[in-house]
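Hi everyone, thanks for making time.

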Amino acid sequence: MIAAYGVSRTRDKKGVIIKQTTLPWVNCIHRNCGGGWKTMEILVLEIYMGKHYRIRKLTPKECHRLMGVKDEDFDKMKSAGISDSQLYKLAGNSIVVDVLEGIFRNMKFKENPLRVFEAFAGYGSQSMALRNIGIPHEVVGISEIDKYAIMAYNATYSKTENYGDIATIDWDTVPDFDFFTYSFPCTDISNAGAQAGFDEGSGTRSSLLWECRKAIAAKRPRYLLMENVKAITSKKFLPGLHRWMAFLSEQGYTNFVKVLNANDYGVPQNRERCFLVSFLGDAWYEFPEEIPLTVSLKDILEDSVAEKYYLDQTRVDNFIAGLSDEKREALERGE
Ligand SMILES: C[S@@+](CC[C@H](N)C(=O)[O-])C[C@H]1O[C@@H](n2cnc3c(N)ncnc32)[C@H](O)[C@@H]1O
């Protein structure tokens, strides 16, 4: 193999490819948010010396590497019996661990151990980041309803109390905590979905954000971290984000918000996400500085990949035939 590229395809409603680009990194592995026909299909193009082109899907392990998940964590999730399709979904829903590590380093937590509650926990990218940068912490509880996310979480960490549906938690029964993380569902905000929004009382999945109010008012954790798709900062959704930030300000929090791209934090994935960091009382916070990307897509690929991940060769040949000579030569040079 002399080069590897992310191939993103956009399809129309009938599944016909309307746009296809090759990139030296993966253009957001997200498959599931909002689902439906707009979801990008991500493939890797391999080029062999003998001008043998093949295209394949990223494997679940590669997707998790692109999310900053260590192989040993991924292996634990896989050995819990979670299927490939669920592993893809979990990765697509999560937060790039490297980005979280940068954010958490700059939060300068003073507590030892830091008591954490992970709402919308997924497989616990938040805990992974705290562990990786050596912050002594104890997860007092999580809130998660997805069977496979819970399996993945339990496979990765020692037994953690899951309080289930965020909407039904009696916060008096939950131990106190210092840090509340809430990367609430992006389904109704993401460009890949119908964008029904996250207004309070709207009944959308993204409106679960407002359920976090009870946790924050009851426990008044010192630190908060929200994460969602970049579209939450769009003209359509910014007023809602401002309403949420106004609630936090009323509760005495100081807020810092920024869109960060995983590509700027050492990961070859173009994934822009909005992060809102809040501190109880007066505070100053700086988001982590960007670092140059030294890793390419090639570096995260597995050495040997099962045949089932490869695309039918006729489709590959059609794709290659559709490239200009100039483009094909550039690919062969590994550019
Ligand atoms: C954007 S993902 C967050 C992923 C997580 N940050 C991670 O590290 O993998 C949103 C999560 O919220 C969960 N969720 C959806 N509805 C929920 C509810 N009512 N209560 C608790 N969790 C819920 C979903 O199952 C999903 O795992």
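Let's start with the ligand: how many nonpolar, polar and charged residues does the shell around the ligand have? By class, that shell holds 11 nonpolar, 8 polar and 3 charged residues. There are 22 residues around the ligand, and the ones that come nearest are Ser94, Phe120, Gly122, Ser125 and Asp146. Before I go further, please keep in mind that this is a predicted model.

Now the overall picture. The protein has 335 residues, and 41% of them count as buried. Its secondary structure comprises 10 helices and 10 strands. If you take the contacts between residues at least 6 apart in sequence, 70% of them join residues at least 24 apart.

Next, the sheet. In which order do the strands of the open sheet run? Reading across, the order is E6-E5-E7-E8-E10-E9, so that is 6 strands, and the pairing is mixed. Strand E6, residues 137-143, and strand E9, residues 253-261, are at the edges; each has a single partner strand, so one side of each has no neighbour in the sheet. From one strand to the next, the twist averages 15°.

Let me zoom in on strand E7. On one side, E7 pairs with E5 in the parallel sense, over 4 bridges. Within that pairing, Phe117 has Phe180 of E7 as its bridge partner. E7 is also joined to E8 by 4 bridges, and these two run parallel as well. Here Thr181 has Leu225 in E8 as its bridge partner, and Phe179 stands opposite Tyr223 in E8.

Are the faces of E7 covered or open? Both are covered: Phe179 and Thr181 are buried on one side, and Phe180 and Tyr182 are buried on the other. As a reminder for anyone new to this, side chains in a regular strand alternate between the two faces of the sheet.

From there, let's move to helix H5, residues 125-132. After H5 comes Gly134, which has a positive phi near 70°.

That brings me to some backbone details. Most residues other than glycine have a negative phi, and most peptide bonds are trans. With that in mind, have a look at the loop between H4 and E5. Lys108 lies in this loop, and its phi is positive, about 50°, although it is not a glycine. Lys108 counts as exposed because it has 10 C-beta neighbours inside 10 Å. Pro113 is also in the loop between helix H4, residues 97-105, and strand E5, residues 114-119. The peptide bond from Asn112 to Pro113 is cis, with omega near 0°.

Arg220 is another non-glycine residue with a positive phi, this time of about 45°. You can find Arg220 in the loop between helix H7, residues 212-219, and strand E8, residues 223-229. It has 15 C-beta neighbours inside 10 Å, so Arg220 counts as partly exposed.

Gly68 is in the loop between helix H1, residues 60-65, and H2. Is Gly68 buried or exposed? It is buried, because 24 other C-beta atoms lie within 10 Å. Leaving out residues up to four places away in sequence, Gly68 touches Val96, Val97, Asp98 and Val267. The C-alpha atoms of Gly68 and Asp98 are 5.7 Å apart, although 30 residues separate them along the chain.

The other one is Pro288, in the loop between strand E10, residues 272-280, and helix H9, residues 313-321. Pro288 counts as partly exposed, because it has 18 C-beta neighbours inside 10 Å. Setting aside neighbours within four places in sequence, its contacts are Gly102, Ile103, Arg105, Asn106 and Tyr265. Pro288 and Gly102 are 186 residues apart along the chain, and yet 5.4 Å separates their C-alpha atoms.

Note on methods
Residues are numbered from 1 along each chain as its sequence is written. This is a predicted model: local features need pLDDT of at least 70, side-chain atom pairs count only at pLDDT 80 or more; totals for chains, interfaces and linings use all residues. A residue is buried if 20 or more other C-beta atoms lie within 10 Å of its own, exposed if 12 or fewer, and partly exposed in between; C-beta atoms are placed from the backbone. A residue is near a molecule or strand if its C-beta atom, placed from the backbone, lies within 6 Å of it. Ala, Val, Leu, Ile, Met, Phe, Trp, Tyr, Cys and Pro count as nonpolar, Asp, Glu, Lys and Arg as charged, and the others, Gly among them, as polar. Two strands pair if DSSP finds at least two bridges between them. Two residues are in contact if their C-beta atoms, placed from the backbone, lie within 7 Å. Axes are lines fitted to C-alpha atoms, for helices over the stretch in contact, and angles run from 0 to 180 degrees between N-to-C directions.
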